[in-house]
Amino acid sequence: MNILFVSSEVFPFAKTGGLADVIGALPEALAKRGHACSVILPLYKCVKKNGFAPRLFKELNGFNLRLLRHGNVKVYFIEKDEYYDRDQLYGTPQGDYPDNASRFGFFAKAVIESVSHIGRQDILHCNDWQSALTPLYIKLFHKKRPEFNKTKILFTIHNMAYQGLFGREAMAGLGLGEELFTPERLEFYGKFNFMKAGIIYSDAVTTVSKGYSREILTPEFGTGLDGLLKTREKDLYGIVNGVDYTIWNPAIDKLIAAGFSEKDLSGKEACKKDILKECGIKYDPRRPLVGMITRFAEQKGIDLVAQGMGNIIRMGADFVILGFGDEKYNNIFSRLTLKYKGHMAALIKFDNVLAHKIEAGSDMFLMPSRYEPCGLNQLYSLKYATVPVVRAVGGLEDTVENFDTARKTGNGFKFKDARCQELLKSLKKAISVFKNKKLWHSLLKNCLACDYSWDSSAEKYEKLYDRLSA
Ligand code: ADP
């Protein structure tokens, strides 16, 4: 099949979160299964900063289409500097860029124009609100064109909470008439909602774990769109994300201090010393290091972590958090670093190398998310013999099983309620198992036995594409 992925971020070109990792890996996994896969994204400033120089493929109406080959995947870039040549993808810690509706409305249209030059696609796989207008434009305005009349469109929701909400006045500039501003179409409590277009006008909708696909049909997690999603329930699927083990694998990871694997874990200690040094924390083998890597957003439960920081240190753990985002949390964690100096460090930035070092050097990885569509870091942690301590929600509930000390089953620790005390209770259990070297070793063995490679998830996407095209 010819499959084109439409995404606002793709690793290693541009990344703010898990979406980039998924679109950096799934097309390659499908290409290995014999499909012709391409990806299209905006040409941000960071693409060039990251050392990529895609060649000019076509000059088009108001933008350039650029291309490079990455592995077995063709990667197309929409070059329009006025919109994309900025320091960040979506906004600064002070807030979103005010012209995001124009930026991603333009992107959605540019994708359609690009397809005429890239070639006919069997599947157009759109992701999140930034590409959600593409299905609408095709279904309403281009369905009869030969390059689209057989194309099936899949829309994947990586996070329900980011819907692309804008004022009604943004619609006219994007060629969308007033008749679309109704609750059945794009209106959402007086606002214009991009994500609704993706849900309504695609042939099927997926989300990134089975648990989350059930949760988003409820008012608690549906963020106002559970009603609409229910109307599409028979076309709604949950397919769990995989891990790109060519990137997240301690045996071959060039970014960490020492390699290790299930056969020989000894390198992990050097990795722990390395990240502790970076954090100004003294190495003490009796103290577990708890790591976190996260966008600073309420979703991730970081307020619970901030609240419990004193207790975490008093329970005998050291703590490192790598994060960036909401200015409020940038400040809170900077202050906590001063307060708990020597046992805790907050590294306030986006830094891929540090992310690998933390995965490799931590003993435990904390994810107390309020909701979590899939979550990738708990999966990376399992591969790095770093025990996940998570809230039982969405993809975390699906992929982490409580460790049973008697039967020695399970791969982590999880708690039900998004409360600081619950988090601390779970962490306390983890710390007590850490102190029993034999038990801890059984637990690490269970973590390392987990396999979340993309193969089985790519196969599920393939089956879905087949079903849509039949
Ligand atoms: P989300 O997509 O909601 O942010 P995921 O767990 O699905 O959460 O994916 C997050 C991805 O982004 C992981 O690869 C993680 O390592 C990475 N990441 C998040 N914050 C940072 C940061 N400050 N520096 C480097 N990588 C980060």
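1. Helix H4 is mostly covered, with 14 of its 19 residues buried. This and the points below concern a predicted model.

2. H4 comprises residues 100-118. From its first C-alpha to its last, the helix reaches 26 Å, close to the 27 Å expected at 1.5 Å a residue. Just after H4 comes Gly 119, whose phi is positive, at about 120 degrees.

3. The ligand is surrounded by 18 residues. The closest are Lys 15, Gly 18, Asp 21, Arg 295 and Lys 300. By class, the residues of this shell divide into 6 nonpolar, 6 polar and 6 charged.

4. In the side chain of Asp 21, an N or O atom is 2.6 Å from an oxygen atom of the ligand. The side chain of Lys 300 likewise has an N or O atom 2.8 Å from a ligand oxygen. At Lys 349 the backbone is involved: one of its N or O atoms lies 2.8 Å from a nitrogen atom of the ligand. Taken alone, the ligand exposes 570 Å², and the protein buries 93% of that.

5. Asn 159 is found in the loop between strand E9 (152-157) and strand E10 (165-166). Is this residue, Asn 159, buried or exposed? Its relative accessible area is 7%; because the limit for a buried residue is under 20%, Asn 159 counts as buried. A polar atom of the Asn 159 side chain lies 3.0 Å from the backbone nitrogen of Ala 161.

6. Ile 358 belongs to helix H13 (residues 352-361). With a relative accessible area of 0%, Ile 358 is buried. The C-alpha atom of Ile 358 is separated by 9.1 Å from that of Val 290, although the two residues are 68 residues apart along the chain.

Note on methods. Residues are numbered from 1 along each chain as its sequence is written. This is a predicted model: local features need pLDDT of at least 70, side-chain atom pairs count only at pLDDT 80 or more; totals for chains, interfaces and linings use all residues. Side-chain values use heavy atoms; hydrogens and water are left out. Helices (H or I, at least four residues) and strands (E, at least two) are DSSP runs, numbered from the N terminus. The expected span of a helix is 1.5 Å times one less than its number of residues. Buried means under 20% relative accessible area, exposed over 50%, partly exposed in between (1.4 Å probe, protein chains only). A residue is near a molecule or strand if one of its heavy atoms lies within 4 Å of it. A polar contact is a pair of N or O atoms within 3.5 Å; within protein, one must be able to donate a hydrogen and the other to accept it, and residues adjacent in sequence count only if both atoms are side-chain atoms. Accessible areas come from the Shrake-Rupley method with a 1.4 Å probe; for residues, only the protein chains shown count as cover. Ala, Val, Leu, Ile, Met, Phe, Trp, Tyr, Cys and Pro count as nonpolar, Asp, Glu, Lys and Arg as charged, and the others, Gly among them, as polar.
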